[in-house]
Amino acid sequence: MKHRTFFWFFLPTGLAMLLFIAAPIVSVVLQSVFAPHEAVLETVETCTPFRCSEETAINQEATRALREERPLGRFVGLDIYLDRGHLAVAEVAEAWRSTDSFGAFFSELGDLPFYRAMGFTLTYTFTVTPLLIVLGLMIALAVNALTQWLKGIVIFFSLLPMIVTPLVGSLILFWMIDNRGVLGNFLSWVVGDPDLSVKASTPLMWIALIVYGVWHAAPFAFVVFYAGLQTLPEDQIEAAQIDGASRWQQVRYIVVPHLMPLVTFVALIQLMDNFRVFEPIVGFNAAAHATSLSWIIFNDMSGETRQLSAAAATSVMTIIGVAILLSPVLVRTWRDFKGKT
Amino acid sequence: MASTALRAPRSLRIATYGFVVFWLILAAFPFLWTLWGSFKVELDFFSIADWTNAITGANTERTYGTAFTGAGYEGAWIEEEFWRAVINTFIVCFFVVITSLTFGTLGGYALSRSSFRYTFWLLITALIFRAMPPITLVSGYLLPFFEWNVWGILPTTIIVLVAINQPFTLWMLHSFFQNIPKELDESAKVDGCTQFQAFRLVIVPVMWPGVITTGLFSFLLAYNDFAVTSMLLSESNRTMVPEIAAFLGTTYTEGNVMFAVAAVVSATAPLFVLVMFFQRQIVSGLTAGAVKG
């Protein structure tokens with residue numbers, strides 16, 4: 001295909017991505033190093049017949065002029081990144097000096113919004129991903145042993161948790177684990193504590209969010225692994241059976257190695273997707289116990305005072321986090337490409 | 001594997017079936033429970049006294065005379081005007097799917113037919129864009145959109161969702177078009193067609209299976225989005241998902257949780273139908289990326 005023809009074919013999609021993905025990234029980075037102008041203050045002396053007094057007032061005109069002249073705001077460099085709402089360098093240094101054990105240091109860190117969110121985001125990402133892979137693999141192996149007509153029904157119901165809107169799915173689970181809901185009731189009956197409430201306990205809330213994450217994403221792993229099982233090398237299994245391999249050994253030494261590339265694929269995709277965890281925190285109303293980077297961005301932007309600079313700084317740091325998680329995928333794609341040509 | 005399954009010892013077979021049943025309950029029970037409960041009053045759905053009330057509907061019967069009531073749906077759809085959000089959602093989804101498929105087929109086709117090095121870099125860029133959480137882009141949209149006075153209306157959201165959709169659409173359609181033999185459109189070009197004519201007359205008629213699969217995922221992305229729609233739409237233009245989130249703010253105080261429950265069930269129903277009809281396409285779309293690596 002000629003360059004010219006390619007250009008016209010690619011123009012609509014290229015333009016859409018340039019204007020609404022590439023440009024916003026630049027705009028986010030710019031916003032994160034500019035803060036809104038402070039109002040221009042001026043001191044006015046007002047004199048009454050008896051005495052004179054000095055008053056500080058906002059000079060509306062000058063403020064407006066300044067805002068129009070430089071709409072981005074004033075350049076503050078990395079100040080926003082280093083302030084208390086983000087990396088909180090001063091507070092971390094202070095905590096490091098004043099605490100004498102790692103435990104105390106980390107608990108001080110947990111009071112800073114960014115590190116609190118980071119703590120939950122990383123815990124969520126690195127517990128949900130392995131759990132969903134294990135659960136997905138177990139479902140795939142079990143469903144593969146079923147008769148044909150049952151498979152269709154099981155796959156139908158299995159797809160539901162994944163396809164459902166994340167906010168809706170988390171609400172559905174949240175209403176069940178509410179202390180007046182059916183699972184909440186069941187839990188307090190099991191524990192024997194009628195006042196047990198998931199909403200009031202941080203560890204229980206974290207567990208509930210992780211359970212939601214696994215419930216939501218396991219079907220994806222299941223479908224991918226199930227497709228992989230259809231191409232299982234039959235002769236290798238037979239050879240292993242002749243050699244007297246037990247069922248567990250067959251799974252351990254033939255099935256799992258065969259699925260390994262798919263496991264890597266699912267792990268890489270899910271690490272990136274779980275890192276952006278957001279909707280369940282809104283759905284579970286869990287902000288008091290667990291926050292994530294995406295949630296901080298959302299929280300900064302919503303409400304009357306849209307703190308765009310703060311949101312932009314967190315956005316840039318989230319993008320850096322995603323980039324770190326994405327790098328193995330890029331290396332893999334690069335190798336594939338090298339292999340092809 | 002069927003042959004090995006037949007020879008499986010009884011204990012293993014029971015364990016397998018037990019596990020499948022356990023997973024089915026885990027996957028389906030929350031939906032059935034919420035569907036059933038949406039026809040009850042709040043005191044039944046959230047029952048402190050006795051959880052069986054949620055099944056039998058004791059309080060619902062006391063209030064309305066029957067064990068089922070549509071009060072939640074009436075409140076959500078008519079009182080809170082949820083139907084507006086439903087209409088908005090379908091407008092957004094319709095235009096997002098149509099536009100992103102049009103852009104995506106043209107771009108994906110071009111990428112699959114060009115052998116220059118820049119196609120690889122374009123695909124890599126698309127992959128990086130696909131990994132961006134949409135919410136990180138939103139703060140970049142807000143200022144310009146306020147400035148140009150286009151914030152809060154449906155077309156803006158549609159264009160943004162189309163753009164966010166493009167990387168994924170491009171990848172799906174690119175790999176799909178690569179499976180259509182190049183000889184097809186090249187022979188058309190030999191016969192005197194331009195590249196575009198070859199695309200329109202030869203490729204378009206055979207591309208529908210891939211386009212439908214990709215379209216399903218575009219639809220799901222637009223339908224399920226919360227971050228973009230909740231930040232970019234004004235109150236009167238909200239789609240279903242941000243509307244449900246807004247319900248939570250008001251209903252928890254007013255004691256009308258059942259409105260939100262009814263709205264949630266209403267928002268799940270179309271997805272249920274979608275999976276029913278397009279299960280095969282969804283499964284093939286999910287595995288397409290994986291099996292190819």
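This is a predicted model: local features need pLDDT of at least 70, side-chain atom pairs count only at pLDDT 80 or more; totals for chains, interfaces and linings use all residues.

Reader: What is the secondary structure content of chain B, and is the chain compact or spread out?

Author: Chain B contains 16 helices and zero strands. The globule rule gives 19 Å for its 293 residues, and the radius of gyration of chain B is 24 Å, well over that figure, so chain B is more spread out than a compact globule. Along the principal axes, its C-alpha trace spans about 80 × 70 × 30 Å. The answer is therefore 16 helices, zero strands and a spread-out chain, with a radius of gyration of 24 Å.

Reader: What radius of gyration does chain A have, and what would a compact globule of 341 residues have?

Author: The secondary structure of chain A comes to 15 helices and four strands, and its C-alpha atoms fill a box of roughly 110 × 75 × 45 Å along the principal axes. A compact globule of 341 residues would have a radius near 20 Å, but chain A has 27 Å.

Reader: What share of the residues in chain A is buried?

Author: Among contacts in chain A between residues at least 6 apart in sequence, 67% join residues at least 24 apart. As for burial, the share among the 341 residues of chain A is 38%.

Reader: Which residues of helix 7 of chain A are buried?

Author: Helix 7 of chain A comprises the 16 residues 148–163 and reaches 23 Å from its first C-alpha to its last, close to the 22 Å expected. Being buried requires 20 or more other C-beta atoms within 10 Å of a residue's own. In helix 7 of chain A, the buried residues are A:Val154, A:Ile155, A:Ser158, A:Leu159, A:Pro161, A:Met162 and A:Ile163.

Reader: Which classes of residue make up the side of domain 1 of chain A that touches domain 2 of chain A?

Author: Chain A is divided into domain 1 (123–285) and domain 2 (303–341), and 26 Å separate their centres. The contact takes four residues from domain 1 of chain A and six residues from domain 2 of chain A. By class, the side of domain 1 of chain A has no polar residues, no charged residues and four nonpolar residues.

Reader: Which elements of chain B give two or more residues to the side of domain 1 that touches domain 2?

Author: In chain B, domain 1 spans 2–75 and domain 2 spans 81–292, with 33 Å between their centres. Twelve residues from domain 1 of chain B and ten residues from domain 2 of chain B take part in the contact. The elements in question are helix 2 (10–37), helix 3 (42–45) and helix 6 (71–79) of chain B.

Reader: Which element of chain A gives the most residues to the side that touches chain B?

Author: The contact between the chains takes 80 residues from chain A and 77 residues from chain B. On the side of chain A, the residues divide into 59 nonpolar, 14 polar and seven charged. The element that gives the most, with 16 residues, is helix 1 (residues 3–32) of chain A.

Terms used: Residues are numbered from 1 along each chain as its sequence is written. Chains are lettered from A and ligands numbered from 1 in the order in which they are written. Domain bounds come from an automatic or database domain assignment. Two residues are in contact if their C-beta atoms, placed from the backbone, lie within 7 Å. Ala, Val, Leu, Ile, Met, Phe, Trp, Tyr, Cys and Pro count as nonpolar, Asp, Glu, Lys and Arg as charged, and the others, Gly among them, as polar. The radius of gyration is taken over C-alpha atoms; the globule rule is 2.2 Å times the number of residues to the power 0.38. The expected span of a helix is 1.5 Å times one less than its number of residues. A residue is buried if 20 or more other C-beta atoms lie within 10 Å of its own, exposed if 12 or fewer, and partly exposed in between; C-beta atoms are placed from the backbone.
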